[in-house]
Amino acid sequence: MDEEKMDVARHQQQQPCENGVTDPVQIHIEVHVKSQSTARRAEVRTHVLALLDRHSLVMGSYKWMEFDDDFLTKNVESVAVVDVNTQAPLDLKINNLCVHIFSLNDDGPSTLNLEEEEELSAANHWLLPAAEFHGIWDSLIYDEGIKTQLLDYVSTAIFFSDKNVDSNLVAWNRVVLLHGPPGTGKTSLCKALAQKLSIRLSGRYSYGQFVEINSHSLFSKWFSESGKLVTKMFQKIQELIDEKEALVLVLIDEVESLTAARNASQAGTEPSDAIRVVNSVLTQLDQIKRHPNVVILTTSNVTEKIDLAFVDRADIKQYIGPPSAHAVFNIYLSCLEELMKRQIIYPRQQLLKLEELHTLGYMKSEVTELSLHLQRIATKSVGLSGRTLRKIPFLAHALYAKSCVLTLESFLDAMDKAVLHQIKEREKLVNSL
């Protein structure tokens with residue numbers, strides 16, 4: 001075993017969180033290493049721990065992008081305290097620090113082909129962590145700790161496997177089902193979760209592999225051969241799983257298209273091959289669960305069409321709905337912060353968080369006026385999808401800006417108009433349908 005692998009092994013013994021165990025007192029530190037860096041991870045870790053020792057008091061989640069250390073400046077993009085659910089002062093010296101060191105893979109997706117002659121593309125394939133997925137996790141804002149629950153689920157699955165828990169006695173299938181209306185970020189959440197897990201479990205697996213299957217296009221276009229293609233597709237996935245150094249995450253998007261085909265077949269309106277498709281998928285899922293390094297992520301827009309046999313195999317069935325007023329406010333807040341950073345909104349002005357407005361009793365003053373205006377816009381926006389909400393600032397500028405650069409007050413007025421415009425357009429669409 002070379003010196004770096006020995007360092008990783010020692011680190012795993014000292015930091016059980018790297019093996020996937022989540023504990024409330026553990027603080028996760030993500031270290032983004034520059035792609036051109038040749039520094040050993042053990043050396044990076046030493047300098048990062050020295051940085052955290054010098055700056056041990058932080059306010060909730062925090063990120064360093066500039067350093068008072070030449071080594072870090074040369075080799076590291078950022079050091080971030082992540083996934084902290086409090087804005088209270090946090091003393092890093094009295095907590096168990098879990099340091100996750102990673103660099104991003106700049107290559108785009110490759111394709112997994114099933115038929116060499118026909119070059120049938122079954123799925124897209126990324127090596128993780130991928131530059132393309134960087135930042136998605138932080139941009140997704142949900143209520144009730146959905147992201148934390150999903151992380152904890154996979155951590156427990158890995159932990160139980162490491163402890164050789166008999167799955168015949170304590171059952172888990174390594175399948176997650178995210179369901180809800182279109183535009184709520186289900187597919188993006190799966191990609192972000194895969195990225196996060198490849199970083200969080202970097203001490204357990206050397207790299208991650210992410211496979212995205214569009215079941216709807218695959219099974220509709222090649223329906224007569226789809227039973228065989230399902231088997232071939234999972235054979236390709238099995239080849240990835242056989243690399244024990246890799247964490248493999250498989251996304252089956254629009255999984256309801258499988259069960260819709262089976263329902264049609266049972267009704268006598270489709271060929272019997274449809275039943276073979278679904279049975280093949282269920283069989284393959286049952287075989288895959290034996291492997292500790294794979295997780296199946298699935299999404300569905302049409303809940304009522306999800307087959308019960310598949311639902312029964314999902315360990316977590318998480319509904320992803322339109323954001324609440326609280327989540328909408330935070331989504332808009334992140335958008336406005338970005339536009340102020342890029343000086344599209346200028347000069348920069350302070351916006352209060354909802355917790356701060358609550359502390360001040362939502363009383364109108366010079367300090368709270370703009371934040372209260374944003375709160376009113378967020379309340380009007382409830383019911384819009386997350387996808388639409390992220391477009392509102394763009395539409396506000398495109399449709400209602402009188403100049404390229406706006407003050408925050410003027411931009412909020414434009415956002416107000418853009419939200420009303422979207423609501424009216426949605427009503428017209430519903431009426432026409």
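## Close-up views of a predicted model

View 1. Phi of Gln 343 is near 60°, which is a positive value in a residue other than glycine.

**View 2. The cis peptide bond between Tyr 346 and Pro 347**. This view stays with the loop between α12 (325-341) and α13 (354-359), where Pro 347 lies. The peptide bond that joins Tyr 346 to Pro 347 is cis, and its omega is about 0°.

**View 3. The cis peptide bond between Leu 128 and Pro 129**. Omega is about -5° for the cis bond that joins Leu 128 and Pro 129. Pro 129 belongs to the loop that is found between β8 (121-128) and α4 (136-139).

**View 4. Asp 83, in the loop between β4 and β5**. The strands on either side of this loop are β4 (76-82) and β5 (89-91). Asp 83 is a residue other than glycine, and its phi is positive, near 55°. Is Asp 83 buried, partly exposed or exposed? Asp 83 counts as partly exposed, because its relative accessibility is 32%, and a residue would have to be under 20% to be buried or over 50% to be exposed.

**View 5. Ser 202 and its contact with Ile 199**. Ser 202 is placed in the loop between α6 (186-200) and β10 (207-214). Which backbone atom does the side chain of Ser 202 reach? The side chain reaches the backbone oxygen of Ile 199, at 3.0 Å. Ser 202 is buried because its relative accessible area is 18%, and the limit for buried is under 20%.

**View 6. The whole protein, as a setting for the close-ups.** The protein has 433 residues, and 49% of them count as buried. Its secondary structure consists of 16 helices and 13 strands. Among contacts in the protein with a separation of 6 or more, 75% come from residues 24 or more positions apart. The accessible surface of the protein is about 21,900 Å². Carbon and sulfur atoms account for 51% of that surface.

Technical notes
Residues numbered from 1 in each chain as written. Predicted model: local features only at pLDDT ≥ 70, side-chain atom pairs only at ≥ 80, totals over all residues. Heavy atoms only, no water. Helix = DSSP H or I, 4+ residues; strand = E, 2+ residues; numbered from the N terminus. Buried < 20%, exposed > 50% of the residue type's maximum accessible area, 1.4 Å probe, protein only. Polar contact = N/O pair within 3.5 Å; in protein donor to acceptor, adjacent residues only side chain to side chain. Contact = heavy atoms within 4.5 Å. Areas by Shrake-Rupley, 256 points an atom, 1.4 Å probe, with all protein chains shown as cover.
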